[in-house]
Amino acid sequence: QVQLMESGGGLVQPGGSLRLSCIASRSIFGLKAMAWYRQVPGKQRELVASITTGGTTSYLDSVKGRFTISRDRTKLALYLQMNSLKPDDTAVYYCNAERQILGDRSDFWGQGTQVTVSS
């Protein structure tokens, strides 16, 4: 079973920056994409940013121009650079890995890391 471990969350003032990291315990056969999701209490988990194995990225509209997703394949790592943070970015952020084998999708999730943007 693949384990994903996030780190880098914390408390930051509005306008500040954080860098989230996610390390996989091993390489994932059939990996299609990796992503960052976030969730606040009482709301559904939302997709923040994703990156395919081919390097194609996509972002939630509200974070475009502020967040950057990247991968380091040699380190089995996924990153999310978050700049110009806003209070609305406060959430638990989860690392996700999407695997597809013969058309069947399966997902791996990290335990989440709290990001709090507040003065």
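**Backbone, contacts and pocket of the predicted model**

Leu102 lies in the loop between S9 and S10. The model described here is predicted. Although Leu102 is not a glycine, its phi is positive, at about 55°. The relative accessible area of Leu102 is 85%, and the residue is therefore classed as exposed, the cut-off for that class being over 50%. A positive phi, near 55°, is also found at Leu76, again in a residue other than glycine. Leu76 belongs to the loop that runs between strand S7 (67–72) and strand S8 (77–82). With a relative accessible area of 30%, Leu76 is partly exposed, since this class covers the range between the 20% limit for buried residues and the 50% limit for exposed ones.

Ser70 is located in strand S7 and counts as partly exposed, its relative accessibility being 29%. Between Ser70 and Pro41 there are 29 residues of sequence separation and a C-alpha to C-alpha distance of 27 Å. Tyr79 is part of strand S8. At a relative accessibility of 12%, Tyr79 counts as buried, because the value falls under the 20% cut-off. The C-alpha atom of Tyr79 is separated by 8.0 Å from that of Thr68, a residue 11 positions away along the chain. The ring of Tyr79 also takes part in a contact with a charged group: the charged end of Arg19 sits over this ring, at 4.0 Å from its centre.

A search of the whole structure for aromatic pairs returned 1 such pair. The pair consists of Tyr37 and Trp109, whose ring centres are 4.9 Å apart and whose planes meet at 65°, so the arrangement is edge-to-face. This assignment follows because planes over 60 degrees apart are counted as edge-to-face. Tyr37 is in strand S4 (residues 31–39) and Trp109 is in strand S10 (residues 104–109), so the pair ties together parts of the chain that are 72 residues apart in sequence. Computed from C-alpha to C-alpha would be a separate description of the pair, and by that description Tyr37 and Trp109 are 9.7 Å apart in space. The two partners fall into separate accessibility classes: Tyr37 is buried, with a relative accessible area of 16%, whereas Trp109 is partly exposed, with a value of 34%. Trp109 is also approached by a charged residue, as Arg45 lies over the face of its ring at 4.6 Å from the ring centre.

The structure holds 1 disulfide. The bond is formed by Cys22 and Cys95, with 2.0 Å between their sulfur atoms. The link of Cys22 and Cys95 is left-handed, with -75° about the S-S bond. Distant parts of the chain are linked by this pair, for Cys22 lies in strand S3 (residues 18–24) and Cys95 in strand S9 (residues 91–101), 73 residues apart. Cys22 has a relative accessibility of 0% and so counts as buried. Cys95 likewise counts as buried, with a relative accessibility of 0%. From Cys95 to Gly16, the separation is 79 residues in sequence and 21 Å in space, C-alpha to C-alpha.

The largest pocket contains about 150 Å³ of space. Its lining is made up of Arg38, Gln39, Val40, Lys43, Gln44, Glu46, Asp88, Thr90 and Ala91. By class, this lining comprises 4 charged, 3 polar and 2 nonpolar residues. Among the lining residues, Arg38 and Gln39 fall within the residue range of strand S4, 31–39. Ala91, another residue of the lining, falls within the range of strand S9, 91–101.

Terms used
Residues are numbered from 1 along each chain as its sequence is written. This is a predicted model: local features need pLDDT of at least 70, side-chain atom pairs count only at pLDDT 80 or more; totals for chains, interfaces and linings use all residues. Side-chain values use heavy atoms; hydrogens and water are left out. On a 1 Å grid over the protein atoms alone, a cavity is a set of points where a 1.4 Å probe fits but cannot get out, and a pocket is an open set with protein on both sides within 12 Å along at least five of seven lines; lining residues have an atom within 4 Å of a point. Grid points are joined across faces, edges and corners, and a volume is the space filled by probe spheres set on the points. Ala, Val, Leu, Ile, Met, Phe, Trp, Tyr, Cys and Pro count as nonpolar, Asp, Glu, Lys and Arg as charged, and the others, Gly among them, as polar. Rings of Phe, Tyr and Trp (its six-membered ring) pair if their centres lie within 6.5 Å; planes under 30 degrees apart count as stacked, over 60 as edge-to-face and the rest as tilted. Helices (H or I, at least four residues) and strands (E, at least two) are DSSP runs, numbered from the N terminus. Buried means under 20% relative accessible area, exposed over 50%, partly exposed in between (1.4 Å probe, protein chains only). A charge sits over a ring if NZ of Lys or CZ of Arg is within 6 Å of the ring centre and within 35 degrees of the ring normal. A disulfide is a pair of cysteine sulfur atoms within 2.5 Å.
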